[in-house]
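Hello,

I am handing over the structure below. My notes on it follow.

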Amino acid sequence: MQSNARHGIWLMIATTAVLAVLDAISRHLAGEYNVYMVVMIRYWFFALFAIALVSRQPGGIRTALATRQPMLHAFRGVILVLEILTTIAAFVVLGLVETHAIFACSPLMIAALSGPVLGERVGWRRWAAIGVGLVGILIILRPGSTVFSPYALVPLGAATMWAVYGLMTRYVAREDTSMTSFFWAGTVGAIAATAIGIWHWEPMRGSDWAWTIALCALASLAHYLLIRAYEVAEASVVQPFAYFQLVFVSILAFAVFNETVEWQVLLGAAIVVGAGIFTFLRERASAGAKAR
């Protein structure tokens, strides 16, 4: 089990590295073309990848489609599209580092809402961590200061949508397999993204088509690596390492896009990440106590 945990951790770190490159390419393309079109093309490949992956599983597509929660799966698919659209828009108006620094609060949102939505018990230690994380977000946003940017609310909205998506994923997992959730997210998401993006088609330069193909390939690779990480190790073990994405994104932002970040953002991000890791550790400890 220890080797599996180590394997899962490395898979999660690899996932975050791929996602960081994915975000950098998304920022480049969204700065040149309409974000609706970029996400639509990305989802076409996502849907094809989901169909191909599910087809190789026992029962194939028919089994993946079989669910008593079709509306919840459809809702998950649509809200994931909206979250990706909002996040990429935040990359353009706010930058990679600040967007991810604010987005890092989404696990804390999931922890806070897991009680009323999923009926899970949230103890005082996790509530304390959520409060500390909120302080970190306030340090980043600096509401009421003369330098506060309303654009900072864009990634905050994306983080909220991601938290809702995460909660719905946990909810549907009580009855359905991960392959069913994956299939519905890819196919319903492709339909929703096409319904929005088809009206915003723009001619694309040849070099940017190469970036778009790379974007789609990396998105599929990231999904595959994430699935493998959760297959070989417990989620509570590998999830804290998802914060490595902020590290990789920061490196790319500084090296490629010449982004500069104020010390308040770095301090707030460190507080949020620390609070998030603590909540994961508490969830793991609680799960272990219940198992005994």
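**Helix α5 and its neighbours**

Helix α5 (residues 96-103) and helix α8 (residues 153-172) have axes that come within 8 Å and cross at roughly 45 degrees. An angle between the limits of 35 and 65 degrees counts as oblique, so α5 is oblique to α8. The crossing of these two helices is right-handed. On the α5 side, the contact is made by T99, I102 and F103; α8 contributes P155, L156, A158, A159 and W162. Sorted by class, the residues of this contact are 7 nonpolar and 1 polar, with no charged residues. Please keep in mind that this is a predicted model.

Helix α5 also meets helix α12 (residues 244-256): their axes come within 8 Å and cross at roughly 165 degrees. Since angles over 145 degrees count as roughly antiparallel, α5 is roughly antiparallel to α12. Here the crossing is left-handed. From α5, the residues in contact are L96, V97, H100 and A101, and from α12 they are Q245, L246, V249, S250, A253 and F254. This contact holds 7 nonpolar and 3 polar residues, and no charged ones.

**Helix α2**

Helix α2 covers residues 35-55, which is 21 residues. At 1.5 Å a residue, α2 should span 30 Å, and its end C-alpha atoms are 30 Å apart, so the two values agree. At the start of α2, the backbone nitrogen of Y36 has a side-chain oxygen of N34 within 2.8 Å.

Regards

Methods
Residues numbered from 1 in each chain as written. Predicted model: local features only at pLDDT ≥ 70, side-chain atom pairs only at ≥ 80, totals over all residues. Heavy atoms only, no water. Helix = DSSP H or I, 4+ residues; strand = E, 2+ residues; numbered from the N terminus. Expected span 1.5 Å × (residues − 1). Polar contact = N/O pair within 3.5 Å; in protein donor to acceptor, adjacent residues only side chain to side chain. Axes fitted to C-alpha atoms, helices over the stretch in contact; angles between N-to-C directions. Parallel < 35°, antiparallel > 145°, perpendicular 65-115°, else oblique. Left-handed = near helix turned anticlockwise from the far one by under 90°. Contact = heavy atoms within 4.5 Å. Nonpolar A, V, L, I, M, F, W, Y, C, P; charged D, E, K, R; others polar.
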